[in-house]
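I opened the notebook to go through one interface. My entries follow the order in which I looked things up.

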Amino acid sequence: MPVNAVMSIGHRLAGVMLFLAIPVAIYILELSLQDSEGYQQVQALFDGLLFRAIFILILWFLAHHFLAGIRYLLIDVEVGVEPAAARKSAWWVIISAVVAVLIFTQVLI
Amino acid sequence: MGDYFGCCCGAYIYAGVDLSRRLYGLRAWLWQRLSAVFLALCLLVFLLYMSFNSPSSYQQWLDWVSNPVVNVIAVLFFFALILHAWIGLRDVVIDYVHSDAMRLGVLSLIGLFLLANLAWVARVLFRVMV
């Protein structure tokens with residue numbers, strides 16, 4: 001499968017997964033704002049291994065969707081339309097998303 | 001009825017579903033990009049906040065979210081997110097679900113789900129303001 005196709009399917013798949021994550025995100029926001037007990041519950045949630053693993057996975061979806069989206073926006077304004085450039089930027093999206101998540105997990109968690 | 005026409009730039013004009021009549025084709029394509037840019041900017045600001053000025057207590061977090069500017073932008077963020085998700089999911093459904101009845105059913109469920117989420121998050125964000 002060409003790298004553009006992998007990146008494109010990843011963008012779509014990540015989008016659907018992020019859609020499913022919306023209610024989870026709202027639930028966490030609600031809990032964190034409820035009272036200081038809820039806030040601590042959210043902190044405790046992020047200490048859990050399973051939740052942390054899911055969170056990192058969602059961060060990866062977000063990073064991939066975000067970077068692939070920027071690539072599409074650039075192609076819309078006719079930057080990187082040539083096949084060679086498009087293949088190169090597709091690789092760039094896939095790799096940078098992984099790198100970004102590795103950096104996030106160091107900074108945020 | 002029931003067939004769709006491929007349009008420029010991957011957006012589709014679909015004539016069979018009432019839900020999508022108001023937002024299809026080039027207009028949906030444009031809104032998808034405008035919301036994407038806004039969401040991206042908001043996420044970057046939130047990332048910077050969480051990286052360099054993350055709240056160290058409940059009160060600090062509550063104060064930040066209750067700040068009128070942050071609160072209004074948060075409401076706009078979720079509105080843009082729901083709109084973005086709707087257009088994106090609708091494109092996915094139109095690509096993979098081919099029967100009219102199924103499309104209408106699936107799109108209705110997704111639409112209701114997204115509206116419920118929007119109402120929920122609006123309530124969460126309004127509540128910290130009062």
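Predicted model: local features only at pLDDT ≥ 70, side-chain atom pairs only at ≥ 80, totals over all residues.

Next I asked which elements of chain A supply its side. Helices H1 (3-34), H2 (36-47), H3 (49-76) and H4 (83-108) of chain A each give two or more residues. H1(A) gives the largest share, 12 residues. By type, I sort the chain A side into 15 nonpolar, 4 polar and 4 charged residues.

Then I took the salt bridges. I count 3 between chain A and chain B. One of them joins the side chains of A:Arg12 and B:Asp95, at 2.9 Å from N to O.

I turned to extent. The contact draws 23 residues from chain A and 36 residues from chain B. I get a buried area of about 2500 Å² between the two chains, with 77% from carbon and sulfur atoms. On the chain A side, A:Arg12, A:Phe19 and A:Leu33 lose the most area to chain B, together 26% of what that side buries.

Last, I checked one helix pair. H1(A) packs against helix H2 of chain B (residues 58-66) at about 115 degrees, axes 9 Å apart. From H1(A), I list A:Leu29, A:Ser32, A:Leu33 and A:Gln34. They meet B:Tyr58, B:Trp61, B:Leu62 and B:Val65 in H2(B). That contact holds 6 nonpolar residues, 2 polar and no charged.

Technical notes: Residues numbered from 1 in each chain as written. Chains lettered and ligands numbered in written order. Heavy atoms only, no water. Contact = heavy atoms within 4.5 Å. Buried area = accessible area lost by both parts, 1.4 Å probe. Salt bridge = Lys/Arg side-chain N within 4 Å of Asp/Glu carboxyl O. Helix = DSSP H or I, 4+ residues; strand = E, 2+ residues; numbered from the N terminus. Nonpolar A, V, L, I, M, F, W, Y, C, P; charged D, E, K, R; others polar. Axes fitted to C-alpha atoms, helices over the stretch in contact; angles between N-to-C directions.
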